[in-house]
Amino acid sequence: MTLRSDAALLLGDLVALRRELHKIPEIGLHLPRTQERVLTALDGLPLEITLGKNLSSITAVLRGGKKGGAVLLRGDMDALPVTEASGEEFTSTLDGAMHACGHDLHTAGLVGAARLLAARREDLPGDVVFMFQPGEEGWDGAGHMIDEGVLTASGRPVDAAYGLHVSAASYAKGHFVARPGTLMAASGALEVRVKGDGGHGSSPHDARDPIPAACEMVTALQTMVTRTFDVFDPVVITVGSFHAGTRRNIIPDDAVFEATLRSFSPEVAARVGERAVRVCRGIAQAHGLDIDVTYEPEYPATVNDADAYDFVAATIRDVFGEERFTEMADPITGSEDFSRVLERVPGAYLFLGACPTDPATAPDNHSPRARFDDSVLGDGAALLAELAVRRLGLLAE
């Protein structure tokens with residue numbers, strides 16, 4: 001029996017687990033119900049389990065029957081602050097929370113990989129660390145787990161790390177996609193409060209209106225991108241939140257907006273925040289307004305080790321066939337805190353299409369209408385297990 005055929009036998013259980021998790025989405029670093037359900041799913045396996053101290057993480061170590069290296073496999077567990085409108089029968093039972101990014105599939109798939117590898121424990125030349133991570137969606141859960149020792153959980157630093165992310169759109173169901181080098185962008189958060197003096201909308205000259213200045217900042221940030229940074233080293237700035245005022249005839253005291261800044265190289269990531277802050281301060285000064293503005297780097301770029309990428313691509317082609325894998329031409333501007341792991345450990349991250357309809361028109365990840373075909377769970381679990389088995393084998397040579 002192969003890992004892939006064994007995974008097919010587990011599919012029913014993995015789908016049931018995924019749908020249970022989908023009903024109980026939890027946000028952030030503290031996921032007590034999710035943690036409890038995952039622990040139940042792992043019960044009875046020969047794993048050394050450690051729970052997070054400052055977050056609801058689970059680190060599970062499988063000791064191979066032979067001495068050797070250590071490989072880490074990761075699945076994130078947290079949901080998003082989205083009210084579900086997918087129409088699924090197993091829809092979220094909590095208003096304002098939804099597994100809109102497919103992390104319920106990641107968690108179930110990692111449980112599947114643990115079961116597959118546990119059944120082959122005696123033949124493993126080394127250890128496998130299963131990283132069940134909360135707080136990927138902006139909470140830096142990976143950073144917290146690294147601080148609590150996940151990379152050395154087996155008693156030595158892991159030699160390689162792998163993870164995958166399902167996609168509700170863009171890629172055909174069951175298709176694997178990745179690229180060497182930079183796969184995903186670095187991200188940072190810009191927060192701006194423009195402070196003026198409110199007044200009557202009929203007499204703006206008697207007030208200090210923060211709204212026109214804040215609007216000018218939004219536009220100027222886009223101009224800054226094209227006039228400051230090389231078009232071949234891209235920057236993306238999106239203002240996703242803008243709030244000011246209560247009524248049309250009242251000039252408010254302040255205007256507040258927040259932006260996400262994305263980039264792909266360390267050099268640009270180090271500069272873009274400082275430049276954005278400078279632009280906003282300059283406009284506020286020109287308008288005679290005060291300003292509170294901060295920039296916080298979030299995640300670094302997700303960079304696949306070239307050799308690790310070649311290993312992953314070759315494994316997929318061997319196990320699933322040439323037609324199931326595509327090398328991406330370009331990175332994507334989404335960000336991912338698995339980048340924290342890949343900064344420290346050679347490894348690779350990849351995508352798995354889980355679109356149940358036409359990927360060109362389906363709602364994408366983070367949409368309240370996002371839907372994921374959980375029939376891909378078997379192949380996702382099989383690939384993670386296969387990567388661990390083959391990498392440990394290479395380390396033992």
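Trainee: Why is Arg275 called partly exposed?

Mentor: This is a predicted model, so the value is computed from predicted atoms. Arg275 has a relative accessible area of 23%. Buried means under 20% and exposed means over 50%, with partly exposed in between. Therefore Arg275 is partly exposed.

Trainee: What makes Arg275 and Glu274 a salt bridge?

Mentor: Their closest N and O atoms are 3.3 Å apart. The cut-off is within 4 Å, between a side-chain nitrogen of Lys or Arg and a carboxyl oxygen of Asp or Glu. The pair therefore counts as a salt bridge.

Trainee: And what is Glu274, buried or exposed or in between?

Mentor: Glu274 has a relative accessible area of 42%, so it is partly exposed.

Trainee: What makes Arg74 and Asp337 a salt bridge, and where do they lie?

Mentor: The closest N and O atoms of Arg74 and Asp337 are 2.7 Å apart. That meets the 4 Å limit. Arg74 is in strand S3, and Asp337 is in the loop between strand S15 and helix H8. They are 263 residues apart, so the pair links distant parts of the chain. Both Arg74 and Asp337 are buried.

Trainee: Why is the pair of Asp140 and Arg340 said to tie parts together?

Mentor: Their side chains meet in a salt bridge at 3.1 Å, N to O. Asp140 lies in the loop between strand S4 and helix H4, and Arg340 in helix H8, so the tied parts are 200 residues apart in sequence. Arg340 has a relative accessible area of 18%, under the 20% limit, so it is buried.

Trainee: How do you know that the disulfide count is 0?

Mentor: A disulfide needs two cysteine sulfur atoms within 2.5 Å. By this rule the count comes to 0. Take Cys101: the nearest cysteine sulfur, that of Cys355, is 14 Å away. For Cys280, the nearest is that of Cys215, 12 Å away.

Trainee: Why are Cys101 and Cys280 called buried?

Mentor: Cys101 has 7% relative accessibility, and Cys280 has a relative accessible area of 0%. Buried means under 20%, so both labels hold.

Trainee: Which residues form the negative surface patch?

Mentor: Glu191, Glu258, Glu296 and Glu298 form it. Glu296 sits in strand S13.

How values were computed:
Residues numbered from 1 in each chain as written. Predicted model: local features only at pLDDT ≥ 70, side-chain atom pairs only at ≥ 80, totals over all residues. Heavy atoms only, no water. Patch = residues over 30% accessible without salt bridge, like charges linked within 9 Å, V, L, I, M, F, W, Y side chains within 5 Å. Areas by Shrake-Rupley, 256 points an atom, 1.4 Å probe, with all protein chains shown as cover. Lys, Arg positive; Asp, Glu negative; His and termini not counted. Charge placed at Lys NZ, Arg CZ, Asp CG, Glu CD. Helix = DSSP H or I, 4+ residues; strand = E, 2+ residues; numbered from the N terminus. Buried < 20%, exposed > 50% of the residue type's maximum accessible area, 1.4 Å probe, protein only.
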